[in-house]
Amino acid sequence: MRGEELVVNEALKTRALPEGSYDKLLEFLKLYRDAVQIVVDRIWGINEKLSWKKLHRLFYSDLMRLGFRAHHAKEIYINAKNLMESAKNNGGRKPVLRKLSAKIDKYDYKLDLNNMTLTLKLHNNYEVKLRLITSRERVEKFRSWSNYELVVKYEDGEFWVSIYFKRAVKPLKPRTVMTIDLNFDNVTLAAYTLDGRRVRLKKLKTPHKKILTHKIWIERIQKRYPKSWRFIKNVRKAIERHGKRIKNISWDYAHKLGDLIAELALKYHSVVVLEDLEKLKENNKKKDKEFNKRLGLWFYRRIQFCVEYEAMERNLQVAKIDPRGTSSKCPRCGGKLVEYGYRVLRCRKCGFIGDRDVTATINIYKKYISKHSRCGVPGVAPKAPKPYENPSGMQGNKNEAMTTES
Ligand SMILES: [Zn+2]
C-alpha cells in the first residue's frame, strides 16, 4: 500500500455543438457504426479466440481504406469484439447497431478547456471543432486531470460527448485505521490508531427494512398476477414504482454514507478498510445468510462503491480485507465466539465479551494491521469493547447520520 499511486476516473458528459455544419461529424458517426457492424458480421461466426493481433491483421487495412485513422481502426475492432462477446455471453442474437456513437482515442482529439472546445479528427483527414455546452465551474475541477478517451454520440438531433478523465493521487499517509462493518440493519464504523486505541465509534442505521418493504410489495403483486403482470399496464407501472423507490433509497443512502465516512476518515487521517465482498461471496456462507440473500449483495456493493469513491476523492487510501471470521472469531485469543444475548458475543475460551458489531471492527482492524504494519509498529490488540456499548450516533432517535425520508 505504501507509496502506491491511486488513480481516480471520472467522466464529464456534456452537450457539444459543432462550429459550422453537422454533416462531416454525422457522416463519420455513420461510417463508424457501419464499420463496427461489418466487423461484428465478419467475426460472428468465428469461434476461436480473437487476439488484438489477429483483429488487427484481419481488419486494419480495410478500415484504413475506408478513410479511418489508425486509432479509429483500433477502437472499431475492439468495440466490435466487445459487442460480440457480450451478445454471445447473454445467449443473444448478433447485434444490429442503430445508435450513432463512437469511442475516440486521445490521439484523435484535442481538448481545450480554456476555450471550452473540442477538436475531433475524423475520417479522410476531416476535422470538426465542437463547443462544449456546459458551465465553466463544472469543467474547472478537471483542469489538473488528464484525459485519455471520449465517446461522441448523436441523439435526438444533438451531439453529446463523454470525456474520460483520470488523475493520479498520492494517498495521505494514514495515521488511523477506519474500519467499516456492514450489516443488515446497521453500519458500524470505528477509527483506531496504529497502536490499537479506538478514537471514534459510530453506528448508523441502514434503510434495509424500507427497501425490503418495497421488495415484498413487488413480489406480492407478481404473485397475484403470475405470468401476466408484464402485460397489464397498471400492474407493470406499480411494480416499476416500487423498483424506482428502491433505487432512490439505496443510492441516496449510499451517497450520504460514503460522504460521511470519507469526511470522518479525512478528519482522522484514516485509511478506510472495508470487507472484500467478492471473497464474502465465495467463502462465507454463514455471514452470507446474515447479509440476507433477499436483498442480495448489490446494496453493499453500492455502498462500498460510494465509500471508495468519496475516499479517493479526498486522497485517502482504501483497503479491503478478507471478511472470513470477522464476526465469529475472538479478537483476543482467536477462539470461537458464541451468542451471548442480543447482538453480544462471548468467547468460550478466554471469556471475552463484546458487542457484535464493535468486535467485527476490531477484527477488521487486526486483519488490516497484520498485513500492513508499518515501520515495525505492530498492531496491538485494541481493548475489548464493553458489552453494551452505546456508541455515538445510536443514541435515541438523534441519529445524526442519515434520514432517508424523501
Ligand atoms: Zn477469546
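Colleague: How many of the 17 residues of α10 are buried?

Modeller: Ground rules first: this is a predicted model, where local features need pLDDT of at least 70 and side-chain atom pairs count only at pLDDT 80 or more, while totals for chains, interfaces and linings use all residues. Residues are numbered from 1 along each chain as its sequence is written, and side-chain values use heavy atoms, with hydrogens and water left out. Helices are DSSP runs of H or I with at least four residues, strands are runs of E with at least two, both numbered from the N terminus; buried means under 20% relative accessible area, exposed over 50%, and partly exposed in between, using a 1.4 Å probe and protein chains only. On that basis α10 is mostly covered, and its buried count is 13.

Colleague: How far apart are the end C-alpha atoms of α10?

Modeller: The helix runs over residues 356-372. The expected span is 1.5 Å times one less than the number of residues, so the 17 residues here should give 24 Å. The model agrees with that, as the end C-alpha atoms are separated by 24 Å.

Colleague: And which residue caps the N-terminal end of α10?

Modeller: Look for a polar contact, meaning a pair of N or O atoms within 3.5 Å; within protein, one must be able to donate a hydrogen and the other to accept it, and residues adjacent in sequence count only if both atoms are side-chain atoms. At this end, the backbone nitrogen of Asp357 has a side-chain oxygen 2.9 Å away. The residue supplying that oxygen is Asp355.

Colleague: Which helices does the Tyr253–Phe299 pair tie together?

Modeller: Rings of Phe, Tyr and Trp (its six-membered ring) pair if their centres lie within 6.5 Å, with planes under 30 degrees apart counted as stacked, over 60 as edge-to-face and the rest as tilted. There are 13 such pairs; Tyr154 and Phe159 form a tilted one, at 4.8 Å centre to centre and 50° between planes. The rings of Tyr253 and Phe299 sit 6.0 Å apart with planes at 35°, so that pair is tilted too. Its partners are 46 residues apart in sequence, and the helices joined are α6 and α9.

Colleague: Which residues make up the aromatic cluster with Tyr253?

Modeller: Tyr253 is buried at 1% relative accessible area, and Phe299 is buried at 0%. Both rings belong to one cluster. Its members are Tyr253, Trp298, Phe299 and Tyr300.

Colleague: Back to Tyr154 and Phe159: which of them is buried?

Modeller: Tyr154 has a relative accessible area of 25%, so it counts as partly exposed.

Colleague: Which ring does the charged end of Lys166 sit over?

Modeller: The rule wants NZ of Lys or CZ of Arg within 6 Å of the ring centre and within 35 degrees of the ring normal. Arg220 meets it over the face of Trp217, at 5.2 Å from the ring centre. For Lys166 the distance is 5.0 Å, and the ring is that of Tyr148.

Colleague: What is the phi of Asp156, roughly?

Modeller: Asp156 sits in the loop between β6 (146-155) and β7 (158-169), and it is exposed at 78% relative accessible area. Asn125, in the loop between β4 (117-121) and β5 (127-133), has a positive phi near 65°. Asp156 isn't a glycine either, yet its phi is positive, about 45°.

Colleague: Which residues does Asp259 touch, leaving aside neighbours within four places in sequence?

Modeller: Asp259 lies in helix α6 and is partly exposed at 34%. Its C-alpha is 7.7 Å from that of Cys306, 47 residues away along the chain. The residues in contact with Asp259 are Glu310 and Arg314.

Colleague: How many disulfides does the model have?

Modeller: A disulfide is counted when two cysteine sulfur atoms lie within 2.5 Å. Cys306 is buried at 3%, and Cys330 is buried at 4%. The disulfide count by that rule is zero.

Technical notes:
Contact means heavy atoms within 4.5 Å.
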